[in-house]
Amino acid sequence: MRAHLATFPDDFRRHGDATAVVVYRGNRRVASTWAELAGMADRFAAELIRREIPMGERVVLLGQNGLPWLGAFFGCLQRGVIAVPLDPGGAADFANRVIENTRPRLVVGDEERLQEIAGDVPRLAFEEFTNVLPQAPGGDLREPRLTLDTPFQILFTSGTTAEPKGIVHTHRNVLASLDPIEREVPKYLKYERIFHPIRFLHTLPLSHVFGQFMGLWIPPLLAAEVHFENRLQAQRIVELIHRERISVVCSVPRVLDLLRSHLLAANPELAGEMEAAAAQKVWTRWWRFRRIHRLFGYKFWAFVCGGASLASELEGFWTTLGFALIQGYGMTETSALITLNHPFKPGKGTIGKVLPGRDVKITDEGEILVRGDMVSGATWQQGALRQNESEWLATGDLAQEDEQGQLRFVGRKSQVIVTPAGLNVHPEDVEAALNRQPGVQASAVVPLLTSAGTEPVAVLLFRGSREEAQQAVVAANRQLAEYQQVRQWRLWPELDLPRTSTGKIRRPKVTEWVNAQRAEGGETTDDPLLALILSISHATPAQTGDAARLSEDLGLDSLGRVQLQSEVEQKLGLTIEDEALERTETLGDLRRALGLGEQPSAEGGDTPAGAAPESSEPRSGAATAAPTRAAVDIRKPGEEDMYPRWPWRWPFQLVRSGFLELVSQPLTRFLAAPKVERPKDFHPTGPVLLIANHVTAYDVPLILYALPGRMRRRVVAAMAGDMLRDFRHMRNLGPAGLDYLGPGAYVLITGLFNAFPLPRSAGFRRSFQHAGEALDRGYNVLVFPEGHRTHAGLEAFRPGIGLLVKESNVPVVPIALAGLSELKSKGRGWFRSGQLTIRVGEPMRFGPEGTPEEITQRLHERLRQMLERL
């Protein structure tokens, strides 16, 4: 066994320049090496020394997974400072109560979350780490007094509105779980070399023990890459797995359920095929469903699932497809794992065998009791560390042991409901909020068994109408954290809830009644929008009209809304902005936000995709946000925008560079003779976004002419998606016969100007992703934020330009094209007129606090001022 966990930075240094962490922020991909991680940990350790924060003091971590989070955590680990990781998606009130309880010497995290912290506690934003942290001095920065029994973190379990109780972990607690795995790893390294590097897609917060185990402790043993992704949209996850050649996905059951729903919606025949293939051997099933494996990529082979119980139906879906599904069982109190399914010999429907070093016994009632070095021996309560009295931990979980020694999870003995997202919902907290509402005589929050796992449902004894009951639920939700809020509720049909002789509610009876209702049959509907929502939430709503609330009636939580946003675009061809979706409360609100009116439109037709009013001229602008329903691009079946990467390969880069320098530049100089103005010493050090007003179909070569040579050779240009589709499909190109030139024109435009589509509505998020990939490769991205050509002055920008800037997190260079509009309005040609001026502005930078709307307004004002001066 290792001497302590602070030896892990030594492993980081040994892995050197291999990729350790990949983080996805907005539309960007940021990769960091093991050496960079070790350096960040050392720099944060040096910061703790500089601030004179000694061993045993606390530092709170409140931010998204990434290099700064990891650096702060391992920096604390080296100095013996106790880390207090908090869920970045948790409520600000809970974070403030934990901070008040633990009295930390420092709070670090995302700048946006730090603004929610009350009081004058010292704080340091992750965004400032690179510039603020001192360089690490040479030598060993580890605290020499570290031992296996030194506390290194306090984890506060989710779900309670009472005084927070933290679980204290020591180095021994984690190493007791990690050591048997570390001893097994060398046996498989000779096989791992074939697939190296193993890549984990990690979808969990690092404030969760399962998230830590798969994100902090396992990857260094294999020199594996960890890809952190917190946007849990099924289509995005599938594309990410395929593009990044992910090997293993680490997630809670809810993510597996979202992926299943996505596959079934995209492959209606899949369910029937799986029934027929259930009895076949694994390799036969793999071959039968090879199209699914091709979709994910052939390197992907396994899910590691934890944090909540996995429904057997969901497990069967993925194993039938031929994927390995590995479950572990553990608790915050056990620091990680009690049992684990063997990766190559998984026990179907079980949570695996007890790992070495654990004493586990099952009581007569079926409750799991556990004892061992991995069990936390202390808690943090009322501002102090308190030792536990008993060495045996009563887990509150019920299980059965089979003949092979595998444990099968049966349920919970206690009332706590663990959701498929891995969050603990304490019924008494939710019931207290409900019982305070007028008309609520009593309530019971019980588990509802769904195909995705266990969801909480509230049963109300209510005196009043159903509408009044809904108002009471909405009012109660305002007093609860987001993960505690009531998504599904029922009215008890009798005069009182079933009770014991002492007046306590008989929860098993209520649970039986709720699940019997569920078994009678779910909601069926011909409304595609409602059907889509119900496929995500698995709710059985009593109300399905436009007045139905997305949360309380249709069971849509925050993760469900994220998935809905993606599915609406993929399946209905409509786009809704993040802010607009957050404001929608009812099904009717959602319809109106999507421009559907009171009922989804059933109109279709053969209108050319993206037909623009200016049909007499070629189109070369690009919208940057979703317009109203009337402006949605209507694609014909099978038509999709293509996002080519082949122009990024070196042979095409060479051809494009030659074309720009030997053909485009001389022609532009000869034909237009434009005057170029740009700042002195204008040489941006990294990729930028280029925005410009849009006047003619020849704006792209004019803008490239004004840029420094190295910069113009690294530009990708966003062009109207409908125009590029028309080229590809040979239509709408003018006089008869020109349509046949469309495919050739598409190849030339794409190859010589590095063009990609930016649709006017649905699909623009995919364009943003392509723009992010281009920025990651060092390309500058050119966008026309007006969305179309204009002939008089600067028109309003599409709001989506602000979102693109915020997601891209790079400087923005405004470029003003002056003189073209005036010449066109006077009916004069611009051939060597001497009146064309291209002004390149100073780069603009935007912090994380700016909203997309504010960014759009500032960009428009800057470009307007540049044009006026010209």
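How many of the 870 residues in the protein are buried, as a percentage? I looked this up and got 56% buried, where buried means under 20% relative accessible area with a 1.4 Å probe, protein chains only.

I note that this is a predicted model, in which local features need pLDDT of at least 70, side-chain atom pairs count only at pLDDT 80 or more, and totals for chains, interfaces and linings use all residues. Residues are numbered from 1 along each chain as its sequence is written, and side-chain values use heavy atoms, without hydrogens and water.

Secondary structure. I found 30 helices and 33 strands in the protein; these are DSSP runs numbered from the N terminus, helices being H or I of at least four residues and strands E of at least two.

Sheet. I traced an open, mixed sheet of 9 strands in the order β2-β1-β10-β9-β11-β12-β13-β14-β15; two strands pair if DSSP finds at least two bridges between them. β2 (28-33) and β15 (353-354) are at the edges with a single partner strand each, so one side of each has no neighbour in the sheet. Inside this order, β11 (residues 248-251) pairs with β12 (residues 302-305) in the parallel sense over 4 bridges, and C250 is opposite V304 in β12.

Helix pair. I checked α9 (residues 234-244) against α10 (residues 253-266): their axes, lines fitted to C-alpha atoms over the stretch in contact, come within 9 Å and cross at roughly 95 degrees. The two helices are therefore roughly perpendicular, a term for angles of 65 to 115 degrees. A234, Q235, I237 and V238 of α9 meet V255, L258, L259 and H262 of α10, contact meaning heavy atoms within 4.5 Å.

Technical notes:
Axes fitted to C-alpha atoms, helices over the stretch in contact; angles between N-to-C directions. Parallel < 35°, antiparallel > 145°, perpendicular 65-115°, else oblique. Buried < 20%, exposed > 50% of the residue type's maximum accessible area, 1.4 Å probe, protein only.
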